[in-house]
Amino acid sequence: MELGWLLWGAAVLLLLHVLMELSPAVNFALRIGFYYLLFFVCSAFTVPVCLLVNGGRTVKNMRIIKTVVKTFKYFFGLRFEVKGRENFEVEGPAIIVSNHQSILDMMGLMEVLPDDCVQVAKKELMYAGTVGLIIYLGGVIFINRKSTSSAKMVMAEVAKTMATDNVKVWVYPEGTRNCTGDLLPFKKGAFHIAVQAQVPVIPVVYSSFTTFYNPKKNLFTSGKIKVEVLPPIETKGLTSDDVSDLTDRCYRTMRETLFRLSGRPGE
Ligand SMILES: CCCCC/C=C\C/C=C\CCCCCCCC(=O)SCCNC(=O)CCNC(=O)[C@H](O)C(C)(C)COP(=O)(O)OP(=O)(O)OC[C@H]1O[C@@H](n2cnc3c(N)ncnc32)[C@H](O)[C@@H]1OP(=O)(O)O
Ligand SMILES: CCCCCCCC/C=C\CCCCCCCC(=O)OC[C@@H](O)COP(=O)(O)O
């Protein structure tokens, strides 16, 4: 009986292997499906740990989440090469901005995430089952992208509380995923809060995923991701009139860095 189950298991694994070899679409679906499953299952196990250790919603839970998510890269053969970590060592709060290519960014985020740092996320993620629950417990700030006024109100509140809570805030200024190897124009929310709170902006750039990950081409192989944490950009003395310039400056620096890290000639 047991031998029968073993043979069935081996046959299913063999079939999956053959299908993956034959069809890039199956290969992609299985790998990305496994990625989702890891998040879903690990979140379910991590929720009680966070509740037991820290008692509820707090940024301290991010340390636990980070420890778990940092192991995921080994399943997918991904390597991160990080430079400039020392640039996170500013005293007090800061706004961290980075490029956002795909859901795989969650591994890159956790690879470099400094302590006491919360992220701004679309509110829909709160309803992603166990993942929603764990990111709620981690202190993630949820915004409603369909309502500019409500998103701005939440961001303004963040600008007020980040100093008192002494937290850093991680924002994806492109506002959505973009896996083209370039940057989308930046939204200004992150830069408004940096100026309102008079805290530095720290840009973080991840090299393009396009050589190993492309959902349109069913591509998802192993690969290396270069990450650079850039020097903080000060905002002391800046006013709301300077937000556009600050946004442009940050965008240009990050775009140049993205192209350099991705081995793409600049424009
Ligand atoms: C153990 C297993 C664990 C499993 C889990 C593992 C890992 C997960 C753990 C944690 C990770 C969670 C991280 C999740 C990542 C989620 C990523 C996302 O969800 S990205 C999408 C959401 N983020 C954003 O959208 C941020 C960027 N957007 C903005 O900043 C926007 O500006 C906005 C504030 C959202 C508003 O956007 P909207 O399109 O509605 O308007 P505009 O940007 O066009 O702005 C209009 C106008 O208003 C001005 N403005 C904007 N903000 C402000 C402000 N705060 N104060 C004043 N004025 C503001 C802006 O400048 C425009 O005016 P003008 O055109 O004149 O310049
Ligand atoms: C009972 C409900 C069950 C729901 C089950 C859902 C299971 C979901 C399981 C795993 C989800 C893993 C998601 C990890 C977090 C990904 C963060 C992310 O990258 O979000 C994208 C967002 O930045 C931008 O969104 P868009 O590009 O604008 O779109």
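**Around ligand 2**

Modeller: Ligand 2 has Y36, F40, H100, I103, M106, K122, L125, G129, V131, R145, T176 and R177 around it (a residue is near if one of its heavy atoms lies within 4 Å). Bear in mind that this is a predicted model, where local features need pLDDT of at least 70, side-chain atom pairs count only at pLDDT 80 or more, and totals for chains, interfaces and linings use all residues. Residues are numbered from 1 along each chain as written, chains are lettered from A and ligands numbered from 1 in the order written, and side-chain values use heavy atoms, leaving out hydrogens and water.

By class, that shell has six nonpolar, three polar and three charged residues (Gly counts as polar). Now the polar contacts, meaning N or O pairs within 3.5 Å. The T176 side chain has an N or O atom 2.6 Å from an oxygen of ligand 2, R145 has a polar side-chain atom 2.8 Å from a ligand oxygen, and for K122 the distance is 3.0 Å. The protein covers 70% of the 760 Å² of accessible area that ligand 2 has on its own (Shrake-Rupley, 1.4 Å probe).

Two or more shell residues come from each of α2 (24–54) and α6 (129–137), helices being DSSP H or I runs of at least four residues. An unreviewed UniProt entry annotates 35–53 and 125–143 as "transmembrane region", though such annotations may be inferred. In the model, 35–53 is 100% helix and 0% strand, with end C-alpha atoms 26 Å apart. Stretch 125–143 is 47% helix and 16% strand (E runs of at least two), its end C-alpha atoms 10 Å apart.

Definitions and conventions
Polar contact = N/O pair within 3.5 Å; in protein donor to acceptor, adjacent residues only side chain to side chain.
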